[in-house]
Number of protein chains: 2
Amino acid sequence: MNRATNSREVSLRERAKRVIPAGMYGHQSVARLPEGYPQFFERSEGCRLWDSDGNELIDYMCAYGPNLLGYHHPAVEAAAAAQQGKGDAMTGPSDVMVDYAERLVDTIGHADWAVFTKNGSDSTSACIQVARAHTGKHKILIAEGSYHGASFWSTPRPSGVPDDDRRHLVRFQYNNIESLEQAVAEVADDFSGILVTPYRHDAMVDNAAVDVAFAHRCRELADRHDAVLIVDDVRAGFRMARDCSWAGIGVEPDLSAWGKVLANGYPISAHLGNERVRPAAESMFITGSYWFAAVPMAAGLAVLNVMDEVDVVAHVEGLGTQLRDGLAEQANRHGFDLHQTGPVQMPQILFADDPERKTGDAWCLECLKRGIYLHPWHNMFLSLAHTEADIAQTLDVTDAAFASIRR
Amino acid sequence: MNRATNSREVSLRERAKRVIPAGMYGHQSVARLPEGYPQFFERSEGCRLWDSDGNELIDYMCAYGPNLLGYHHPAVEAAAAAQQGKGDAMTGPSDVMVDYAERLVDTIGHADWAVFTKNGSDSTSACIQVARAHTGKHKILIAEGSYHGASFWSTPRPSGVPDDDRRHLVRFQYNNIESLEQAVAEVADDFSGILVTPYRHDAMVDNAAVDVAFAHRCRELADRHDAVLIVDDVRAGFRMARDCSWAGIGVEPDLSAWGKVLANGYPISAHLGNERVRPAAESMFITGSYWFAAVPMAAGLAVLNVMDEVDVVAHVEGLGTQLRDGLAEQANRHGFDLHQTGPVQMPQILFADDPERKTGDAWCLECLKRGIYLHPWHNMFLSLAHTEADIAQTLDVTDAAFASIRR
């Protein structure tokens, strides 16, 4: 591979600057990645990407989550193509919508019903709307630093958003029971709900598993004040459990928000709720042009079928452990203090004492040059398509990258 | 066709009631259509649908807009399948994103840049966000009764939405210059923008072409107060012009919102803007999991290619005229006062003195029983796949339906 021959990338960026604001926007802009990261991709297969100049990369971002089973997983592609041949966006939904809602409700322990949307932001927005419709109250408690989408109320960079649209959010510190109780006290009788990620997966900082006592306290406080508990599983869904990500710790939310992973890249998100909040969900008018389209639902059913046959969570956990252990040994050997946090299957990798991420950027760039796409400040994702051989190839590269930046 | 054999529909509705709030939600719920309309569809082709019991229907809703060229248009399907084989949702966009942004900017006269999103609501929301970021002001003027999506600020049934989220909207009467000027005076120095549909296409009432003087006054008032003019072309786009729908009357907005029609059903929306508001667009963080996916962009390019080869607007206008003239003659002959409003290619059909739509519902149901899917209160849509023979077949049915309800 010769990353110097990036003539298509250079040309595409120049053209993009003219017709796309700042050349790119949103979470897939490479503006905050080291110079040298490709903005444009030509092709994907399994766990691999090819950039627009044909450079092959092992991808540890999985499209920022959606790629759970591998790009072009044959069972998902076959189901999607078969449904596409029948119909996708039509004047009403297909029967596959009912099949898919039933299967999701069967799969997700806390859920009695499902509503399908398109963006992760649609599902988190709908969840707080259900909470407010159910309680008749306004205040939603969210953790400082947690990302819940890029709608008016949630975008981390609210240029062009009136303060009024964000007035009813109150912050607590993730995993900090005292700060949660303070927030509950602060909102008093206007406490509508708690919206919380299943673990702390904030960008640019060390991630953290949820403290089990904290999660239970979320449930208790919601119950005590007739508020609603919402788990935002848009990012972590189906990589930690074949259920809501808090199922393993015995905390059932009233609502969960889903996206990304549901249909292995086909566009669909969903929010799932229990009987308690069903009337609230029925009171709202939310909709979208493509929310009833059948192809992503057929693809979502295929994902659940694959997950019935293969233990996807165990697979990504096993590979994540192989990667984490290997990196820990290498970092130690090369004399780096590497912070590996979050679940092993969604690794966040930062260097200690690296506030401007100079070391992290350099290391990631050395890996990129050698065909491994890591992210220097966002949690990464493993897929069913990654193999032990891919991890071993990755570890060969990371070792060389550590050596290179040590020099 | 025997619509009595609707056993699958009955069974699907029962199952849906258990796992989907109210059995269905949003604009594709048949809750407000006459009993007998199918909720679920099995298949689509050209301008035809088959419901879940296999009944064939000529579809005048076109998936509520997206189906511009016909379901499964071969050029669009081929482009989408080819791109799907390469990659769709990846860790970054494909080069097709640049091609598509360039082509849209070339096609839409007022536009210098494009941002792709997923829902029509995403594009209208982004437009008012750009307006607010550009002006530093809050108030958005919208017409009473206009639909601009189902986000917190825009949903027509705001259950679960704090009043604060809708505080900065100010209403005027569509086509009423005096009420527009009053609204401008009311918001004074907090006037951020005007968001307006290209014609009045409100549900349940007669539709109306835009008054040209009114459209020019929108532009003048925005200019005078350093506010932003936004045309919401999500519903009407590419059926009135191969450009922004106001291009023909010489009024250029700063921003236009698009969706539905862009990729013939593949899920994509967009907002397009001029140089004046580009810095504002660059200041915002908006994003979505699937906004960078390549397949809908490849499909969108194919739509533009088809529109270069075939005069789609002339086609749907011609058929719309054939339908409108035929219906007018029949209504007159059968003694009904039929209100046919809106552009002929997006017909709104209501009966005079029918406030509960009893006549309209009965007529539409008679048409449905005979294989024609009309909508009793929402504007309809024609496509390139409809033919003169389809319209003639439709007119045979509508004639029989008039006769039936006259009895």
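How many residues does the contact take from chain A and from chain B? It takes 87 from chain A and 87 from chain B, where two residues are in contact if their C-beta atoms, placed from the backbone, lie within 7 Å.

## Ground rules

This is a predicted model: local features need pLDDT of at least 70, side-chain atom pairs count only at pLDDT 80 or more, and totals for chains, interfaces and linings use all residues. Residues are numbered from 1 along each chain as its sequence is written, while chains are lettered from A and ligands numbered from 1 in the order in which they are written.

## How the copies relate

Rotate chain A by 180°, with 0.0 Å of shift along the axis, and chain A superposes on chain B with an RMSD of 0.0 Å (least squares on the C-alpha atoms of residues with pLDDT of at least 70 in both copies). That is the relation of a two-fold axis. In chain A, the C-alpha nearest the axis belongs to Asp165(A), 2.3 Å from it.

## The interface

Of the interface residues of chain A, 100% are also interface residues in chain B, so the copies meet through the same surface. On the side of chain A that touches chain B, the elements giving two or more residues include helix H1 (7-19), strand S1 (41-45) and helix H4 (120-135) of chain A. Helices (H or I, at least four residues) and strands (E, at least two) are DSSP runs numbered from the N terminus. H4(A) gives the most to that side, with seven residues.

By class, the side of chain A that touches chain B has 43 nonpolar, 27 polar and 17 charged residues. Here Ala, Val, Leu, Ile, Met, Phe, Trp, Tyr, Cys and Pro count as nonpolar, Asp, Glu, Lys and Arg as charged, and the others, Gly among them, as polar.

## Nonpolar cores

A nonpolar core is a set of buried Ala, Val, Leu, Ile, Met, Phe, Trp, Tyr and Cys residues joined through C-beta atoms within 7 Å (buried: 20 or more other C-beta atoms within 10 Å of a residue's own, placed from the backbone). In the largest one, of 257 residues, Ala114(A) and Ala114(B) touch the most other members. Not counting residues up to four places away in sequence, Ala114(B) touches Val19(A) and Ile20(A), and also residues of chain B including Leu104(B) and Leu272(B). Another core lies apart, with six residues, among them Trp153(A) and Trp153(B).

## Strands in chain B

Strands pair if DSSP finds at least two bridges between them. S2(B) (48-51) and S3(B) (56-59) run antiparallel, joined by three bridges, with Leu49(B) opposite Leu57(B). They form a hairpin with four residues between them, and Gly54(B) in the turn has a positive phi of about 85°.

S3(B) also pairs in the parallel sense with S13(B) (372-373) over two bridges, and Ile58(B) stands opposite Ile372(B) there.

Notes
A residue is buried if 20 or more other C-beta atoms lie within 10 Å of its own, exposed if 12 or fewer, and partly exposed in between; C-beta atoms are placed from the backbone.
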